[in-house]
Amino acid sequence: MNILGIGIIFARGIGIDSFENALKGGWQSPSEAGAPHLKDKKLPAFTVNLETLADRSLLKKTRRSDKFSKMAVLAASDALQNSRIEDINKKNIGIILATAFGAHVTTFDFLDNILDYGEAAVSPTTFSNSVHNAAASYITSVLDIHGPALTMTNFYFCFQHALQLAQAWINEGRHDYVLVGAVEQYGDVMRYIYDQKLAPSHDGKIRPFNFKPACQVPGEGAVFFLMSRENSGNVYCRVEDIRFGNDNVNISPVDLNIIDTDGMLADESAYRDSISPDIPTAAYSPLFGSMMIGSAFNCAAGALMLKNQACYANPAQDNPHGINILNAAQHSNIELIRCVRYNCHREKAVFHLKKQARNLCITKK
């Protein structure tokens, strides 16, 4: 299946152009967020500021939704616009939203309201927004899409499973297009859990190639992709070979590895053992933060590189193990990129992004 459009919102802006500028510009210090468990001390986090968005027309349509749903709607709408396909919302489109934790901030708010006001006095709006499929429902209503909407949850591989399902829908001819994406939100409760179970980075920089001990900086955002069999419009690349497990049989040699080292595992040495010294490796988590859906952001980075035929330098250059990493941006002939993610059991999920030749229109005179 082909990627025809990408929509994204993250700490440094909205839109694929903002993401490309971040890839070219490299690491920037994240903002600070409150940490109530540390007596009002602030810690670095890659958070999204919806107040800085220039076009707020979509936010008016989602005024009763929470931040999780707002980010999902903005990224999904951006993906449709980026495809440059006319009247795309009138096409046969399915929606798949992937998330590890869902609207956990709203869920905890709802539980707090029960404790504070009792079951009879809690907000029904807060409850409805805490439902996992609420964000996908907002996408369908705001963007006027009438196909099925499904939310998939899985801690480490939610985006990979969503890709696999999107591939099945397209192969079976259920939909002409599938809008598949991932969303995650920063929250105080999850920050507390991260800081207790993982190693926080106090200077705001994730160092992907340290492997162990790894360091995390929480992030939030959303990425959506418009997928189709078509090879038209604003085509980026092709997604193929979505695999789970450690079987590498019949894997073609790749031009670049993108690994999901982002501090979400206490020990990320499995990534070090899986890469080859002959193949350059990249890790872009220092641009958007530590998230279970980081694979979606890396997919966007890989798609951009294949479309632009350019490699973007690693935003963090710390390399104590001497890995073959991308040290500088460069134009390159890239055909195939491998994106790798591990879970805490050292189980692997892999998908490949392949350069897609664009259709040529030949007119006889």
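Start with helix 1 (residues 16-25) and helix 11 (residues 294-308): their axes come within 11 Å and cross at roughly 85 degrees. Each axis is a line fitted to C-alpha atoms over the stretch in contact, and angles run from 0 to 180 degrees between N-to-C directions. Helix 1 and helix 11 are therefore roughly perpendicular, a label for angles of 65 to 115 degrees. Ile16, Phe19, Glu20 and Leu23 of helix 1 meet Phe297, Ala300, Ala301, Leu304 and Asn308 of helix 11, where contact means heavy atoms within 4.5 Å. Helices here are DSSP runs (H or I, at least four residues), strands are E runs of at least two, and both are numbered from the N terminus.

A quick word on the source: this is a predicted model, where local features need pLDDT of at least 70, side-chain atom pairs count only at pLDDT 80 or more, and totals for chains, interfaces and linings use all residues. Residues are numbered from 1 along each chain as its sequence is written, and side-chain values use heavy atoms, leaving out hydrogens and water.

Now for the loops. The one between helix 8 and strand 8 (221-228) holds Pro213, and the peptide bond from Lys212 to Pro213 is cis, with omega near 0 degrees. Phe211 is found in that loop too, and its phi is positive, near 65 degrees, though Phe211 is not a glycine. With a relative accessible area of 0%, Phe211 is buried (under 20%; exposed is over 50%, partly exposed in between, using a 1.4 Å probe and protein chains only).

Asp144 also has a positive phi, about 60 degrees. Asp144 sits in the loop between helix 6 (134-142) and strand 6 (149-153), and at 39% relative accessibility it counts as partly exposed.

Conventions. Angles under 35 degrees count as roughly parallel, over 145 as roughly antiparallel, 65 to 115 as roughly perpendicular and the rest as oblique.
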